[in-house]
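User: I would like to go through this structure step by step. Could you help me with it?

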Amino acid sequence: MESVAERSAHQPKPFVAYMRHKCLIGYGVINGIINAVVFYLLHHSAPGAIFTPADAAHDLAFTGLLLGPLLFACVVPLTKMDRAHGTFTAAEGDELLCCPMPRAYGASMLLVALICAVAMTGTCTLAMQATGPLGLGAMTLLKGMLCAAGGALAGYLTLSFCQRHRA
């Protein structure tokens, strides 16, 4: 006899729940933690370092340009696999939850990279205008939060591509 947990594990999630879980947890929080740890490890040898708004914007623009395409390249095949295994169900109208994306893989990947870079850099610039230069701890926290948001955004855009074009 199956337990409730075993039965619910076999039932496909609605696409909305799948998208929310993947974007917030998988591509958001986990990505933010990983990027914050990497950033800290790269700069921990200079604990007195001060990061100016220009330093932070440069770092996050570069991160966004890498984050978008890397997540896109990973998420598209994983979503195809999840669809094939029945991990989620697509209901009529789910495409309305998704933003329009180009049909071409490369064009969508480039668009995700640009949107992530602009969103992360813009948000960083606004945050740094309010705070001014940041030390290592505060900059690590800011980087983690913005990478979590950027990862969730990249995940959402990629899932939009997958759902709209059944990639």
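**Thr158 and its helix**

Analyst: Thr158 is found in helix α5, residues 136–165 (a helix is a DSSP run of H or I with at least four residues, numbered from the N terminus). This is a predicted model, in which local features need pLDDT of at least 70, side-chain atom pairs count only at pLDDT 80 or more, and totals for chains, interfaces and linings use all residues. Residues are numbered from 1 along each chain as its sequence is written, and side-chain values use heavy atoms, with hydrogens and water left out.

User: Is Thr158 buried or exposed?

Analyst: Thr158 counts as buried because its relative accessibility is 0% (buried means under 20% relative accessible area, exposed over 50%, partly exposed in between, with a 1.4 Å probe and protein chains only).

User: What is Thr158 in contact with?

Analyst: Apart from neighbours within four places in sequence, Thr158 contacts Phe72, Val75, Val76 and Val112 (contact means heavy atoms within 4.5 Å).

User: How many residues of α5 are buried?

Analyst: α5 is mostly covered, with 22 of its 30 residues buried.

User: What comes after α5?

Analyst: Arg166 follows α5, and its phi is positive, near 50°.

User: New topic: which residues touch the most other members of the largest nonpolar core?

Analyst: They are Phe15, Leu60, Val112, Cys124, Met139, Leu142 and Leu159, in a core of 34 residues (a nonpolar core is a set of buried Ala, Val, Leu, Ile, Met, Phe, Trp, Tyr and Cys residues joined through side-chain atoms within 4.5 Å). The largest share of this core, ten residues, comes from α5.

User: And what does Cys124 contact?

Analyst: Leaving out neighbours within four places in sequence, Cys124 contacts Ala56, Ala57, Leu60, Leu142 and Leu146.

Notes:
Helices (H or I, at least four residues) and strands (E, at least two) are DSSP runs, numbered from the N terminus.
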